Amino acid sequence: MPDDPAPAAVGDPAVAPPATAIEVVAGVIHDARGRILLTRRTEGRDLAGLWEFPGGKREPGETPEAALARELHEELGIEAEVGDPVIAVPQAYPHKRLRLDVRRIREWHGTARGREGQALAWVPPHKLASYAMPPADRPVVAALGEPAEYLVTPAPEADVGSWLETLRQALAGGIRRVHLRHGGAWRETGAAVAGGQGGGVDWPGLVEQAARLCRKAGADVLVNGDAELARAHGAGLHLQASQLHRLGSRPVGPEVLLAASCHTADDLKAAEALGCDFAVVGNLRETPSHPGRPGIGWDGFAHLREQVAIPLYAIGGLGRADLTEARQHGAQGIAAIRSLWPDA
Ligand SMILES: Nc1nc2c([nH]c(=O)n2[C@H]2C[C@H](O)[C@@H](COP(=O)(O)OP(=O)(O)OP(=O)(O)O)O2)c(=O)[nH]1
């Protein structure tokens, strides 16, 4: 039985973690039924009782592959062939910092058993999130099951037909998570459609049609800023950073996807405290839409990443070609308008 699914706290920020990060490698091991192996941390250790992907610390001079094969042999008694990277998560705990480098296990031989007295659980992928795991594992679970691309829609022009057609193409091209954003003309309160960019567009009407298209394609859809509009169309809610600090509690039920745009560690902590399912962090690079606003770069992103446990998309001048690097810095994936909108 899974434990209380409440994620463990990242820790007391008053206690500064050490400067050097511990390198940890862990494996995603499948059985013939597609279930994934979790092991339970034994008593007397840090994070005792939580479930994790089997693995451990790299020793000096060891490659990640060799370290993981050794750990899996020591802990489980199996011979494993280490495959592709899934995600590498930088995470700060109260007394330590680590980088959790998670790899797929391509093949393995032997019978997996807890050689160190640890419990084992073979878990169907959709149930991973119901196990209590260390904070660094939440982005790993998201990377295994949730979309790596988050399309942010550009402001609709007067010709909403072609905007909808482009959305349809994006969905046909594999987009599975969409942020319906109105480029500034639709106020975040939803009180009125103002003039300016996209003015005159029936935004609620367009949201209704766009949400229907997304649902038909099996894609998540989130509406910018307006909880009422999101609720009316069965969509998730994407908060702007300015809204985050004004809200005292989660503005939608736990079954509704909640996301936020964040720029600072304070924004991220507010998003985490509100119970956001994921956040978008940027801008990663300087972009034509924000000239003169320098990007935070991958190191800046990783520094923000390690302070919270929620899955993060990086945004700002990124495209599909950046996905591998994004994952290596702990991002769930990339969010973008230009590179993911077919005719941009
Ligand atoms: N193997 C593994 N370790 C994880 C995961 N998530 C996570 O935060 N960790 C942390 C727990 C430990 O601090 C570290 C792994 O080191 P280890 O397994 O050798 O742990 P340990 O008890 O010997 O070390 P310690 O940290 O208690 O000193 O990484 C995960 O999914 N798998």
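This is a predicted model: local features need pLDDT of at least 70, side-chain atom pairs count only at pLDDT 80 or more; totals for chains, interfaces and linings use all residues.
Three strands form an open sheet in the order 3-2-7, with antiparallel pairing. Strands here are DSSP runs of E with at least two residues, helices are runs of H or I with at least four, and both are numbered from the N terminus. Two strands pair if DSSP finds at least two bridges between them. Strand 3 (51–52) and strand 7 (120–123) stand at the edges; each has a single partner strand, so one side of each is left without a neighbour in the sheet. Strand 2 (residues 36–40) pairs with strand 3 in the antiparallel sense, over 2 bridges.

Residues are numbered from 1 along each chain as its sequence is written.

**The chain as a whole**

The secondary structure comes to 9 helices and 15 strands. The radius of gyration, taken over C-alpha atoms, is 21 Å. Along the principal axes, the C-alpha atoms fill a box of roughly 65 × 45 × 35 Å.

Buried residues make up 40% of the 344 residues. A residue is buried if 20 or more other C-beta atoms lie within 10 Å of its own, exposed if 12 or fewer, and partly exposed in between; C-beta atoms are placed from the backbone. Contacts are pairs of residues whose C-beta atoms, placed from the backbone, lie within 7 Å. Among contacts between residues at least 6 apart in sequence, 64% join residues at least 24 apart.

Strands of a sheet pair through backbone hydrogen bonds, either parallel or antiparallel. The pairs below are parallel.

| Strand pair | Bridges | Residue pair |
|---|---|---|
| Strand 11 (residues 236–239) and strand 12 | 3 bridges | L239 and A260 |
| Strand 12 (residues 258–262) and strand 13 | 4 bridges | A259 and F278 |
| Strand 13 and strand 14 (residues 312–315) | 4 bridges | G282 and I315 |

Strand 12 is mostly covered, with 5 of its 5 residues buried. L258, A260 and C262 point one way from strand 12, A259 and S261 point the other way, and all are buried.

In strand 13 (278–282), 5 of the 5 residues are buried. Strand 13 is therefore largely enclosed by the rest of the structure. Both of its faces are covered: F278, V280 and G282 lie on one side, A279 and V281 on the other, and all are buried. From strand 12 the chain crosses through helix 7 (residues 265–274) to strand 13, and this β-α-β crossover is right-handed. Right-handed means that, with the strands pointing away from the viewer, the path from the first strand over the helix to the second runs clockwise. Strand 13, helix 8 (residues 297–305) and strand 14 also make a right-handed β-α-β unit.

**Helix 2 and its cover**

Helix 2 (residues 137–145) has these buried residues: D137, R138, P139, V140, A142 and A143. What covers them includes strand 3, strand 5 (79–93), strand 6, strand 13 and helix 9 (323–328).

**Around the ligand**

Of the 15 residues around the ligand, D46, E52, G55, G56 and P134 come nearest. Strand 4 gives the most, with 3 residues.

The shell divides into 8 nonpolar, 2 polar and 5 charged residues. Ala, Val, Leu, Ile, Met, Phe, Trp, Tyr, Cys and Pro count as nonpolar, Asp, Glu, Lys and Arg as charged, and the others, Gly among them, as polar.

D46 is found in the loop between strand 2 and strand 3. With 11 C-beta neighbours inside 10 Å, D46 counts as exposed. D46 and H179 are 133 residues apart in sequence and 38 Å apart in space, C-alpha to C-alpha.

Conventions:
A residue is near a molecule or strand if its C-beta atom, placed from the backbone, lies within 6 Å of it. Two residues are in contact if their C-beta atoms, placed from the backbone, lie within 7 Å. The radius of gyration is taken over C-alpha atoms; the globule rule is 2.2 Å times the number of residues to the power 0.38.
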